[in-house]
Amino acid sequence: MNHGTGFKINSAIPTVFNINQEINWDETSGIVEFLNRINVKNISILLFGGEHYRLSLEEKKNQIELITGIAGSRQKVFVGLNDVSFNSTMILEKEADKYGAVAGIISIPPYMPFYGVRKNTVKRFLSMVLKSSGIPLILQDTGVPESILPEPGFWRKYINNGKLAGFKIEGMGSMRKIKTLHAMYMDTEIYGGYLGINMEKEIKSGSAGSIIGSSMPDKIRETILNNASSTIKEDVLKMLRFEVNHLYSFTSIEKYILMKRGIISGYTCRCPCPPFSHAVLGRSDTFYNKIFGDL
């Protein structure tokens with residue numbers, strides 16, 4: 001879904017669960033079909049918002065095989081590779097490579113139980129993953145302190161040898177980081193934040209795309225990217241801000257809107273579930289009615 005600026009939308013797909021908390025594979029793959037129908041050609045799975053932390057390694061492998069198979073040649077699939085160890089991360093990388101994913105998405109080690117995260121530990125982990133990966137990787141910076149990230153020049157050799165395909169920047173200071181990386185690595189794609197709330201600023205800062213939710217990328221395209229009427233655009237932005245302010249239940253909100261749109265049949269998550277109160281439910285209904293009430 002390229003626009004005049006070359007900006008690409010990439011929609012992240014949540015995992016759909018049945019009421020018994022087993023994965024609903026049919027409806028999870030149905031989201032892929034929905035995104036294809038509305039012309040979203042870049043999709044991501046197993047990111048933080050996709051409840052990847054509630055899936056077993058085997059379930060993650062099954063999801064990689066399923067989604068890449070459904071997408072086929074129609075859509076490019078990006079796979080989140082974060083797991084509890086280097087070995088399990090590389091198992092997921094091999095599955096992503098085997099089934100034709102175009103890139104993997106990694107971040108700093110997510111699980112360090114006995115010691116604080118240090119710069120040399122992060123640098124060693126990222127070096128090991130980048131050297132070992134058979135597919136290009138995108139670094140996801142979720143706003144971690146710059147004091148524990150490798151220096152900007154660290155990435156050049158991995159860009160030159162094709163191991164590092166880009167950066168995904170979000171959180172505090174994201175605009176400054178995007179501008180800095182864009183100036184240093186103009187030949188590398190830089191993606192903006194997960195929710196799209198700062199999409200216009202990210203484009204001006206040099207972002208080539210944004211990884212957003214899957215519930216309303218068509219409305220984001222029609223309003224934020226294509227400058228629709230101010231009323232509907234403001235409603236979409238308010239909805240995005242609402243999700244930002246309720247990140248603990250972001251995936252449930254996304255699945256709730258997908259349910260309201262008739263794409264999936266429920267918004268169950270796998271326990272332990274973050275709270276999804278009646279107040280959040282009511283506000284989600286209000287935003288849905290404003291944004292989709294004309295349908």
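What is the volume of the second largest pocket? In this predicted model, local features need pLDDT of at least 70, side-chain atom pairs count only at pLDDT 80 or more, and totals for chains, interfaces and linings use all residues. Residues are numbered from 1 along each chain as its sequence is written, and side-chain values use heavy atoms, with hydrogens and water left out.

The second largest pocket has a volume of about 250 Å³, a volume being the space filled by probe spheres set on grid points joined across faces, edges and corners. A pocket is an open set of points on a 1 Å grid over the protein atoms alone, where a 1.4 Å probe fits, with protein on both sides within 12 Å along at least five of seven lines; lining residues have an atom within 4 Å of a point. The lining comprises 14 residues, of which Glu146, Leu149, Pro150, Pro152 and Leu181 lie nearest the centre. At least two lining residues come from each of β5 (137-141), β6 (164-169) and α6 (174-184), and α6 gives the most, with 4 residues. Helices (H or I, at least four residues) and strands (E, at least two) are DSSP runs, numbered from the N terminus.

Helix α8 (residues 217-225) and helix α9 (residues 230-244) have axes that come within 9 Å and cross at roughly 120°. Axes are lines fitted to C-alpha atoms, for helices over the stretch in contact, with angles from 0 to 180 degrees between N-to-C directions. The contact (heavy atoms within 4.5 Å) involves Lys219, Ile220, Thr223 and Ile224 of α8 and Ile232, Lys233, Val236, Leu237 and Leu240 of α9.
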